[in-house]
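Please read it with the structure open beside you.

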Amino acid sequence: MKQNEVMPSQLSTSKIFFLISAIINIVYAVVLSIYAAITGLFSCGIGCFLFIIPIINIVSCVMDFISYNKLNTLNQPGTYSSMQFASIMDIVTVITGNPISMVFGIINLIYLNDERVKAFLIEKRIY
């Protein structure tokens, strides 16, 4: 297999994972925000501190969309670092009860540690 044949499949898989993870993080953020609002309403405002939890999902969602966009165009510098940070944020979302994004983040980090992926990104000058 040539290097150019292997990399687009791994990068397209990562791109799909980032898109699915971003959508799942949006859903989790909305559900957790509704839960925080209801809890805050029935606990005389004490439950409003739960609004801090969906921030993790929102940040992860934004980073997933940024990484998806960079993988979609493959012409923006810093693609590797954006993908790495988005993958780490996906792993952190397990704190909010999102195991699916955690699995996608682990898989994306495994892809990023592959030397062929790094070589492909360096060759495209977007490392």
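**Notes on the helices and their contacts**

1. Start with Ser14. Leaving aside residues up to four places away in sequence, Ser14 touches Leu71, Met83, Asn108 and Tyr111. Ser14 itself lies in helix H1. Is Ser14 buried or exposed? Its relative accessible area is 1%. The cut-off for buried is under 20%, so Ser14 is buried. Keep in mind that this is a predicted model.

2. Now the overall fold. The chain has five helices and zero strands. Along the sequence, the pattern reads α-α-α-α-α. Taken along the principal axes, the C-alpha atoms fill a box of roughly 60 × 25 × 15 Å.

3. Next, burial and contacts across the chain. The chain has 127 residues, and buried residues make up 38% of them. Take the contacts between residues at least 6 apart in sequence. Of these, 69% join residues at least 24 apart.

4. How many aromatic pairs does a search of the whole structure find? It finds one. The partners are Phe17 and Phe104, and the pair is stacked. The distance is 4.5 Å centre to centre, with 10° between the planes. This pair links distant parts of the chain. Phe17 sits in helix H1 (residues 3-42), while Phe104 sits in helix H4 (residues 99-112). They are 87 residues apart.

5. Phe17 has 16% relative accessibility, so it counts as buried. Phe104 has 13%, so Phe104 counts as buried too.

6. Ile107 is in helix H4. Its C-alpha atom is separated from that of Phe17 by 8.8 Å. Along the chain, Ile107 and Phe17 are 90 residues apart. Ile107 has a relative accessible area of 26%, so it is partly exposed.

7. Turn to helices H2 and H3. Two packed helices are described by the angle between their axes and the distance between the axes. Here, H2 covers residues 54-73 and H3 covers residues 79-92. Their axes come within 9 Å. They cross at roughly 150°. The crossing of H2 past H3 is left-handed.

8. Which residues make the contact between H2 and H3? From H2 come Ile56, Val59, Ser60, Met63, Asp64, Ile66, Ser67, Lys70 and Leu71. From H3 come Thr79, Ser82, Met83, Phe85, Ala86, Met89, Asp90 and Val92. By type, the residues of this contact are ten nonpolar, four polar and three charged.

9. Finish with helix H5, residues 115-123. Its buried residues are Val117, Lys118, Phe120 and Leu121. Why do they count as being on the same side of H5? They cover an arc of only 160° around the axis, and that puts them on the same side. The face turned away from this buried side carries the exposed residues Glu115 and Ile122.

10. Just after H5, Arg125 takes a positive phi of about 60°. Please find Arg125 in the structure and look at the chain there.

Notes. Residues numbered from 1 in each chain as written. Predicted model: local features only at pLDDT ≥ 70, side-chain atom pairs only at ≥ 80, totals over all residues. Heavy atoms only, no water. Phe/Tyr/Trp six-rings, centres within 6.5 Å; stacked < 30°, edge-to-face > 60°. Helix = DSSP H or I, 4+ residues; strand = E, 2+ residues; numbered from the N terminus. Buried < 20%, exposed > 50% of the residue type's maximum accessible area, 1.4 Å probe, protein only. Arc of directions from axis to C-beta. Axes fitted to C-alpha atoms, helices over the stretch in contact; angles between N-to-C directions. Left-handed = near helix turned anticlockwise from the far one by under 90°. Contact = heavy atoms within 4.5 Å. Nonpolar A, V, L, I, M, F, W, Y, C, P; charged D, E, K, R; others polar.
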